[in-house]
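Trainee: I have a structure open that I have never seen before, and I would like to learn how to read its features one at a time. Could you take me through them?

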Amino acid sequence: MVGAACALYAARSGLDVRVVDRGPVAGGTTGAGEGNLLVSDKEPGPELRLALLSARLWAELGDELGAAIEYEPKGGLVVASTPGVLAALRDFAAGQRTAGVTAEPVDADRLPELEPHLAPGMAGGVHYPQDAQVMPALAAARLLRASGARLHPGHTVTGVLRAADGTVYGVRTDRGDIHAPAVVNAAGTWGGDLAALAGVRLPVLPRRGFVLVTEPLPRTVRHKVYAADYVADVASDSAALRTSPVVEGTAAGPVLIGATRERVGFDRSLSLPAVRALAAGAIGLFPFLERVRALRTYAGFRPYLPDHLPAIGPDPRAPGLFHACGHEGAGIGLATGTGRLVAQALTGKTPELDPAPFRPERFDTDGGDAR
Amino acid sequence: MTERPRLAVVGAGPAGLAAALAAAERGVRVTLVDAAEQAGGQFYRQPAAALGARRPQALHHQWRTWERLRAGLDRHRAAGRILHLTDHHVWCVARDPAAGVFGVHALRGPAQEEGVVVRADAVLLATGGYERVLPFPGWTLPGVVTAGGAQAMLKGGLVLPGRTAVVAGTGPLLLPVAGGLAAAGARVAALAESAGPAALLRQAPALAAQPGKLAEGAGYAARLLRHGVRVLTRCTVVAAHGTDRLEAVTVAALDRDGSLRPGSYRRIRCDTLAVGHGMLPHTDLAETLGCSLSGTAVRVDDEQRTDVPGVWAAGEATGIGGAALALAEGHIAGRSAAARLRGTAPDPRRWAAAGRARTRLREFAAALDAVYAPPAGWAERLPDETVVCRCEEVTAGEVRGAVDPLGAGDLRTVKLLSRAGMGWCQGRMCAPAVAGLTGCPLTAGRRPLARPVPLGVLAALPDTDTGLPETGDDLAEAEVGRTAAEVGHPVADAGPPETD
């Protein structure tokens, strides 16, 4: 998804773009994502600024591509089960408002108006109209098509070509070299491996997320609904399972419940404790789901960096190399803003927001390019 | 270990029954878990007792083999060596590699809303196969059924699905289905088989090594002749017609290159079309356990072991080959599991006869597979507007669009971009058609949930890797999500175990 957005905005900046992927379109984490475009879960700071920019760009793409990418500006609803959690949530929302987020407190008695099937007894919530939804695989495929970029699916990058002076001039693939004055690393969870091919260090790690998908239902869940402890979970450094699922209805009918966040490496095998936690969390929010059937579950690997911010922009250690990866569970949502920033960096334009917090080389303590 | 080891056998068709009997005879406590109300699987499907069928054997071949299996099952159940759990629909088998313990998760009850888990030291997957049906215009009309579905109705319910039937597609199932329909009183207007008689002859050496099978085939053919059924070889269904339900089908002759011969189109009035294009193995449970596949089937060694310790597989799940092959494989798997569970290596010489039968029948299956290939060119002929994925109502045109212009190159991406295979059946029905339409290789889809599971059952799972309760080691089966009674394994003296 991030690569597709980079391709779109780079092409629209007048560049000739080629997209290389070892698999098919959306074959990595994109195809295992939920398509959450969230501002609600982000605290004031660089990620929220990127999310707000991205949300604006997604809305533009929604006007342009609309139903083809299943863009739905449905809004988010964060609920709190106790007065204590509610107070913390309201404080959090107040901070977000000063950063430009629309966050409307909702009293307990008004919750049923927004979500008629929500469990009774909630202390209250906050409504975030800027939260939205896309179908990630369709979005990636449609953005790539809209970009007009030439696609090279099924091409594995085996090396990054660097001149004697260190300048990057293309990539080597298992099916031949592709020359270009700029290479964008949008390899997601595998972005660290690609950086290593260029001889630079980018400590991207996988975090497993399971998603549960139910049978198709008439629209019964209207927003993206989740419990307030999710906000704390995103920044969690705990290796243990922490789940507070986002529950949402989709245009196609099924309810999506996700995602878990576990640090278990690249293990794709089914985790019954993970799906148990998802199901229990979802039923806690919407009791009617108890009798609804899960049709499938899938896992994806969210790429994260130690400070939980993505790496975006030029890499001074390898001139010509740009990074756009490490978005953790927010890669779909942050893709558009990332693509815009990368396109601006590629064409030497002033970036729309301060890119300093996303500097790819920020994890180097010695400043060198040794891995 | 003083306690005898416990083997869970999933599936009570020919392979599962043979395996359960072989293991139980050698001192293993077997829990036989099956979705049907009675043992037998699809091959030995029984009419519900309430229907009071007087001569169910009229619809069955190899009735004596079945009677032996059933007598063995009854004997071992009475002796407490086999616990037969009927109406248990397995949705997942979870493994704890460290403890060497498996949790077999099933749904039961009339609405399949009760979760139960079976504890086992080893698992034998005899999950069978399912039918491949390739789409054509009109295939979603009421009155169009799968060949296997028609057979199941005949064997299980003794209900005649219609009055005038056409049987079409390809594969060895079509003959008995047509014969069964005719014997049950339907008028079978035609049997349209897309394989040609010449192709059958080319496989003569392998077929000739199978006198039993040939006799079986000859028996079906004689039955068809007796009922005056027209058998059309190298012929395919072009379309099914009707407004509210099936009224007629158009069939046409296939040229050697797979194209339809002009002028050969013929319209046949009928109210039932039974159509099938062979079978595919059920591999969901094996895949989730991490077992390697070979093509679309579970890969096994000479002892029917998968590459996951403690997991065996037998029957159609390891490759489509029919009931006789399933019996041989199940027998070998059950003996191997019994020996391995006691910590000894089995002696293959003890199952030499079953081993020889397995070799012969696998060769036969490979020969059949070569004869009964889906008709060439069917995918190119399919009009864009024909629905391919019935659950999500995705048309052939939409499936093609996932490849061009959207750039999908494998089944998973086609699914993501077109929704084909995302519905109730999770692509079991449409995946072969989608593969054919898009030119993507047919790969087994990852389906960690082998069937739809109520969220309430998932939420009530014990918080362990296998989903087994922490306590209750001695129980063969525990309810999940209810605090009600737990079912213990019947305690009975099974006598001294027979050794290999």
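Mentor: We will go through the interface, the salt bridges, the sheets and some backbone details in turn. Keep in mind that this is a predicted model, in which local features need pLDDT of at least 70 and side-chain atom pairs count only at pLDDT 80 or more, while totals for chains, interfaces and linings use all residues. Residues are numbered from 1 along each chain as its sequence is written, chains are lettered from A and ligands numbered from 1 in the order in which they are written, and side-chain values use heavy atoms, with hydrogens and water left out.

Trainee: How many residues of chain B are in contact with chain A?

Mentor: Contact means heavy atoms within 4.5 Å. By that rule, 42 residues of chain B touch 38 residues of chain A.

Trainee: What area do chain B and chain A bury between them?

Mentor: Buried area is the accessible area, taken with a 1.4 Å probe, that two parts lose on being put together, summed over both. Here the two chains bury about 3300 Å², and 63% of this lies on carbon and sulfur atoms. Leu406(B), Trp424(B) and Leu455(B) supply 19% of the area that chain B buries against chain A, which is more than any other three residues.

Trainee: Which side chains meet in a salt bridge between the chains?

Mentor: A salt bridge is a side-chain nitrogen of Lys or Arg within 4 Å of a carboxyl oxygen of Asp or Glu. Two salt bridges are counted between chain B and chain A, and the side chains of Glu113(B) and Arg291(A) form a salt bridge at 2.9 Å, N to O. The elements of chain B that give two or more residues to the side touching chain A are strand E4 (89–96), strand E5 (101–108), helix H13 (411–418), strand E23 (453–454) and helix H15 (455–459); helices (H or I, at least four residues) and strands (E, at least two) are DSSP runs, numbered from the N terminus.

Trainee: How many salt bridges does a search of the whole structure find?

Mentor: Over all chains, the search finds 31 salt bridges. One of the pairs is Glu34(A) with Arg302(A), whose side chains meet at 4.0 Å, N to O. Glu34(A) lies in the loop between strand E1 (18–21) and strand E2 (36–37) of chain A and Arg302(A) in strand E16 of chain A, so the pair ties together parts that are 268 residues apart in sequence.

Trainee: Which strand of chain A pairs with E23(B)?

Mentor: Two strands pair if DSSP finds at least two bridges between them. Strand E16 (residues 293–304) of chain A pairs with E23(B) in the antiparallel sense over two bridges, and Arg293(A) stands opposite Pro454(B).

Trainee: Is the pairing in the open sheet of five strands in chain B parallel or antiparallel?

Mentor: The pairing is parallel, and the strand order is E9-E16-E10-E11-E12 in chain B. Strand E9 (144–146) and strand E12 (231–233) are the edge strands, each pairing on one side only. Three bridges join strand E11 (residues 187–193) of chain B to E12(B), and Glu193(B) has Thr233(B) as its bridge partner.

Trainee: What is the strand order in the open sheet of three strands in chain A?

Mentor: The order is E8-E9-E10, with antiparallel pairing. Strand E8 (157–162) and strand E10 (176–179) of chain A each have a single partner strand, so one side of each is left without a neighbour in the sheet. E8(A) and strand E9 (residues 168–173) of chain A pair over five bridges, with Arg162(A) opposite Val168(A).

Trainee: Which residues does a cis peptide bond join?

Mentor: It joins Asp404(B) and Pro405(B), with omega about 20°, and Pro405(B) lies in the loop between helix H12 (396–403) and H13 of chain B.

Trainee: Where does Gln112(B) lie?

Mentor: Gln112(B) lies in the loop between E5 and strand E6 (114–120) of chain B, and although it is not a glycine, its phi is positive, about 50°. Arg419(B), also a residue other than glycine, has a positive phi near 75°, and lies in the loop between H13 and helix H14 (431–438) of chain B.
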